[in-house]
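This briefing is for a reader new to the structure. It covers accessibility, aromatic pairs, a metal site and charges over rings.

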Amino acid sequence: MKGVIPIMRNFLQRFAYKMSAFMYGRYGTDELSKFLMISALVLMVISWLPNLRLVYFLALAVMIWSLWRSFSRKLYKRRQELDRYLKIKKPIANFFKLQRNKWRDRKTHVYFKCKKCKAVLRVPKGKGSIVVICTRCKDRIEKET
Ligand SMILES: [Zn+2]
């Protein structure tokens, strides 16, 4: 048993070296490829449901797409894809973050939108009628809290 661990270590080191040599000049993983991988896994689970077996192929396609992006040598194009993905993701992520914060502060704060610039403002609850100055456009808003 004594020789097994060094052999394993040696093997893993060589594997890591070969992997990094293979990935040299290739794009690697980013937020989009991680998102695609997770989506693929979710689709796989969905494909276990009856009558949804075809979803399996979609899951496979998404997985291959994710790997293909990681191995791609066209770094500039992959970065452009990432930018587009982040541009779509940002407002969606912000929406969920706001919902989470609203729920977290439901007892202590009131959230509302500035009518002029649509900025989301947060004021303490139960202070009666107060004047709020919008942090973005400096508009004065009367608010019942
Ligand atoms: Zn405003």
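A residue counts as exposed if its relative accessible area is over 50%, as buried if that area is under 20%, and as partly exposed in between. Phenylalanine 57, with 55%, is therefore exposed. The model is predicted.

**Aromatic pairs**

- The structure contains five aromatic pairs.
- One of them is the stacked pair of phenylalanine 11 and phenylalanine 15, with 6.5 Å centre to centre and 20 degrees between the planes.
- Both phenylalanine 11 and phenylalanine 15 belong to helix H1 (residues 4-23), where they are four residues apart, about one turn of the helix.
- Phenylalanine 11 is partly exposed because its relative accessibility is 48%, and phenylalanine 15 is partly exposed at 48%.
- Tyrosine 56 and phenylalanine 57 form an edge-to-face pair, because their planes are at 85 degrees, with ring centres 5.8 Å apart.
- Tyrosine 56, at 35% relative accessibility, counts as partly exposed.

**Zinc site**

- The SG atoms of Cys114, Cys117, Cys134 and Cys137 coordinate the zinc ion at 2.3 Å.
- The angles subtended by the four donor atoms are 104 to 114 degrees, so the arrangement around the zinc ion is tetrahedral.
- The spacing of the donor residues in sequence is C-x2-C-x16-C-x2-C.
- Cysteine 114 and cysteine 117 are both buried.

**Charges over rings**

- Arginine 106 sits over the face of tryptophan 103, 3.8 Å from the ring centre.
- Lysine 143 sits over the face of phenylalanine 112, 4.7 Å from the ring centre.

Definitions and conventions: Residues numbered from 1 in each chain as written. Predicted model: local features only at pLDDT ≥ 70, side-chain atom pairs only at ≥ 80, totals over all residues. Heavy atoms only, no water. Donors = N, O, S within 2.8 Å, 3.2 Å for Na, K, Ca; no water. Tetrahedral: all angles 85-135°; square planar, octahedral: opposite > 155°, others 65-115°. Buried < 20%, exposed > 50% of the residue type's maximum accessible area, 1.4 Å probe, protein only. Phe/Tyr/Trp six-rings, centres within 6.5 Å; stacked < 30°, edge-to-face > 60°. Helix = DSSP H or I, 4+ residues; strand = E, 2+ residues; numbered from the N terminus. Lys NZ or Arg CZ within 6 Å of the ring centre and 35° of its normal.
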